[in-house]
Amino acid sequence: MMQDKAGIVTGGASGMGEAVVERLLREGASVVAMDRDGAGLAALSARIGCDRLVTVEGDVSSEALGDTLIEKCAASFGNVRYLVNCAGITSPFTAFGDVTLKDFDVVNSVNLRGTFLTMRAAINHMRDHGGGSIVNISSTAGIRPMLQVIPYTASKWGVVGITLAAALENASAGIRVNVVCPGIVDTPMYRRVAMEYGAGVIDLTPMKRIGTSAEIANAVSWLVSDEASFVTGLVMPVDGGLALT
Ligand SMILES: NC(=O)c1ccc[n+]([C@@H]2O[C@H](COP(=O)([O-])OP(=O)(O)OC[C@H]3O[C@@H](n4cnc5c(N)ncnc54)[C@H](O)[C@@H]3O)[C@@H](O)[C@H]2O)c1
């Protein structure tokens, strides 16, 4: 379905990003996987061993990176038809009054500023090259309040906001922009903070289990593809019902 389509996946070395890279390669797409974890990217390349995968080590919060990714994708594969923004970090569990400005700025610089910068570069390119599909990863924390993760919550509501604004502005240019809001998903990020969620974490989700990266990749792959050709501005929970609680 994705043959002859190339694009960029940020956060591609781990968790959901890695699952999206694998899924899109299976669909026939070409992928530029970007991450700040160079060793993780090297391991991904070694494991997959596919000439439709190239990797770029970098920090999504750097302004120059967006254009670098577009140039790398166009030079390697001849087109840039999609962008998937998976790179992200969490904030420490902290009461509102104790949130430090440093934590607020660091989390927003990766999750919101980083998403904005890659989107801006992709939109500028796609407007001149026949359109494309952008999928951002927000969170349940981007559509309902979550306790004690204020910087993360701000960044993820911001991602939903810029997704919808970009979808409206660019629909007539053939650029679709959608956002997936995962619930609790078994990834290295989840495993790092699982202890802070506590033993009752499974019970938080109405389906009484946590999700898998592959389940997120299923939704992303559909939104990227032409199967979703009339879908833009969708805020899509993939969360076992968590956003309903
Ligand atoms: N795991 C969950 O339960 C969950 C739930 C909702 C939303 N999310 C979101 O899903 C996305 C993917 O998270 P995950 O669970 O797969 O986490 P993960 O930690 O397994 O993967 C995130 C990747 O992003 C990369 N990254 C972090 N900062 C970066 C930067 N500045 N520049 C480039 N790369 C950077 C990391 O190196 C890592 O490879 C994130 O945006 C996260 O906020 C996760």
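Biologist: How many of the 12 residues of α1 are buried?
Modeller: This is a predicted model, in which local features need pLDDT of at least 70 and side-chain atom pairs count only at pLDDT 80 or more, whereas totals for chains, interfaces and linings use all residues. Residues are numbered from 1 along each chain as its sequence is written, and side-chain values use heavy atoms, with hydrogens and water left out. Helices (DSSP runs of H or I, at least four residues) and strands (runs of E, at least two) are numbered from the N terminus, and buried means under 20% relative accessible area, exposed over 50% and partly exposed in between (1.4 Å probe, protein chains only). By that scale α1 is mostly covered, and the count of its 12 residues that are buried is nine.

Biologist: Which residues of α1 are buried?
Modeller: The helix covers residues 15–26, and just after it G28 takes a positive phi of about 100°. Within α1 itself, the buried residues are G15, M16, G17, A19, V20, V21, R23, L24 and L25.

Biologist: What distance does α1 reach from its first C-alpha to its last?
Modeller: The expected span of a helix is 1.5 Å times one less than its number of residues. For the 12 residues of α1 the expected value is 16 Å, and close to that is the reach in the model, 17 Å.

Biologist: Which residues come nearest to the ligand?
Modeller: A residue is near a molecule if one of its heavy atoms lies within 4 Å of it. There are 30 residues around the ligand, and those that come nearest are S14, D35, Y152, K156 and T187.

Biologist: Which element supplies the largest share of the shell around the ligand?
Modeller: At least two residues of the shell come from each of α1, β2 (30–35), α5 (150–170) and α6 (188–197). The largest share, four residues, is supplied by α6.

Biologist: How far is the polar side-chain atom of D35 from an oxygen atom of the ligand?
Modeller: A polar contact is a pair of N or O atoms within 3.5 Å; within protein, one must be able to donate a hydrogen and the other to accept it, and residues adjacent in sequence count only if both atoms are side-chain atoms. A backbone N or O atom of G183 lies 3.5 Å from an oxygen atom of the ligand, and a side-chain N or O atom of S14 is 2.6 Å from a ligand oxygen. For the polar side-chain atom of D35, the distance to an oxygen atom of the ligand is 2.6 Å.

Biologist: What percentage of the ligand's exposed area does the protein bury?
Modeller: Accessible areas come from the Shrake-Rupley method with a 1.4 Å probe, and for residues only the protein chains shown count as cover. Taken alone, the ligand exposes 820 Å², and the part of this buried by the protein is 95%.

Biologist: Why does D4 count as exposed?
Modeller: D4 is found in the segment before β1 (6–10), and its phi is near 70°, a positive value in a residue other than glycine. Most residues other than glycine have a negative phi. D4 counts as exposed because its relative accessibility is 69%.

Biologist: What is the relative accessible area of Q148?
Modeller: Q148 has its place in the loop between β5 (132–137) and α5, and its phi, near 70°, is positive in a residue other than glycine. Q148 is partly exposed, with a relative accessible area of 39%.

Biologist: Which side chain does S61 join in a polar contact?
Modeller: S61 sits in the loop between β3 (53–57) and α3 (65–77), where it is buried at a relative accessible area of 13%. The contact is 2.8 Å, and the side chain joined to that of S61 belongs to D59.

Biologist: How far apart in space are N170 and I202?
Modeller: N170 is found in helix α5 and is buried, with a relative accessible area of 2%. N170 and I202 are 32 residues apart in sequence, and in space, C-alpha to C-alpha, they are separated by 39 Å.

Biologist: How far apart in space are R192 and S91?
Modeller: R192 lies in helix α6 and is exposed, with a relative accessible area of 63%. R192 and S91 are 101 residues apart in sequence, and their C-alpha to C-alpha distance is 12 Å.
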